[in-house]
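Colleague: I'd like to learn how to read a model like this one. Could you walk me through it, feature by feature?

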Amino acid sequence: MAKPSARERILGSYEVILADRGPAEITLDAVAAHAGVSKGGLLYHFGSKDALRDGLLERLERLTDEDLERARNAPEGVVRHYLRSSITDVTSDLALHRTTMAALRLVLNDPIAAEVSRRCTERTRAVMLEHVEDPLTAELVMLVGEGLYMRAALGEEATDSLLAQIEDIADRIEAGAPVKATVAAGHRKG
C-alpha cells in the first residue's frame with residue numbers, strides 16, 4: 001500500500017484531532033505536528049483552518065458517494081447493506097466513519113459543515129428512495145440505520161446481537177412497505 005501524501009496525512013491529522021478533541025483544539029501548529037510536517041508544509045496544502053475544514057467536508061462527500069455506490073451494487077440490496085454497514089463501518093473503523101465523526105464535531109457550530117451533512121443525508125435518502133417504494137418506510141430505514149450507527153459508535157455491546165439480527169430487522173421493515181424487486185429479490189420470506 002502506498003504511503004499517503006503529505007496532503008492526506010495533514011487531512012488525516014486534522015480529522016483525528018477534531019474527532020478526539022473537538023474544534024476548540026484545532027490549531028495549524030497542532031495539525032502540522034501530528035502530521036509530521038512543518039507549518040509551512042501544512043500551509044502549502046491548506047492555507048487556513050477553513051481550508052482544512054473544506055478538505056474534510058470534500059472527503060466526507062466523496063466517501064459518502066463511494067459508500068452509496070457500494071450500497072447500490074450490494075448483492076443483499078440497499079436496505080440490508082445500509083443497516084449492516086451502519087454497524088460494521090463503526091466496528092471496522094472505516095474511513096467514512098472516522099470522517100463522519102470528525103465532521104459531526106463541526107456540525108453544531110459551523111453552517112457550512114451542517115449544509116454538507118444535510119447534502120450527504122439527502123444523497124442517502126435519494127438512494128434509499130430508488131429502492132424502497134414508500135417514502136415513510138425509506139425514512140424509517142434511515143432512522144433505524146442512524147440508531148444502529150450511534151449505538152455502535154457509543155460502543156454498546158448490544159450491537160453484536162443487532163448485527164446478527166439484520167435479516168430479521170430488514171424483513172420486518174420490508175413487510176411494512178414494498179421494496180423494489182432489485183433489492184428484495186431472493187431475500188423475502190414466504
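This is a predicted model: local features need pLDDT of at least 70, side-chain atom pairs count only at pLDDT 80 or more; totals for chains, interfaces and linings use all residues.

Colleague: How many helices and strands does the chain have?

Modeller: Helices (H or I, at least four residues) and strands (E, at least two) are DSSP runs, numbered from the N terminus. Here you get 11 helices and 0 strands. The C-alpha trace spans about 65 × 35 × 30 Å along its principal axes.

Colleague: What share of the chain is buried?

Modeller: Buried means under 20% relative accessible area, exposed over 50%, and partly exposed in between (1.4 Å probe, protein chains only). Of the 190 residues in the chain, 43% are buried.

Colleague: And which residues touch the most other members of the largest nonpolar core?

Modeller: A nonpolar core is a set of buried Ala, Val, Leu, Ile, Met, Phe, Trp, Tyr and Cys residues joined through side-chain atoms within 4.5 Å. The largest one has 25 residues, and those touching the most other members are Ile 10, Tyr 14, Leu 18, Val 31, Leu 42, Leu 52 and Leu 56. At least two core residues come from each of helices H1 (6-21), H2 (28-35), H4 (49-73), H6 (95-107) and H7 (111-131).

Colleague: Why does this core lie between domain 1 and domain 2?

Modeller: Domain bounds come from an automatic or database domain assignment. Domain 1 (1-47) and domain 2 (52-174) both give residues to the core, so it lies between them. There's also a second, separate core of 22 residues, including Val 78 and Ile 173.

Colleague: Let's zoom in: is Leu 60 buried or exposed?

Modeller: Leu 60, found in helix H4, is buried, with a relative accessible area of 6%. For contacts, think heavy atoms within 4.5 Å. Leaving out residues up to four places away in sequence, Leu 60 touches Leu 96, Thr 99, Thr 100, Ala 103, Val 116 and Cys 120.

Colleague: Which residues does the "DNA-binding region" annotation cover?

Modeller: UniProt positions are given in the numbering used here, feature names are shortened, and annotations may be inferred rather than shown by experiment. In the unreviewed UniProt entry, that annotation covers residues 27-46. The span is 75% helix and 0% strand, with its end C-alpha atoms 12 Å apart.

How values were computed:
Residues are numbered from 1 along each chain as its sequence is written. Side-chain values use heavy atoms; hydrogens and water are left out.
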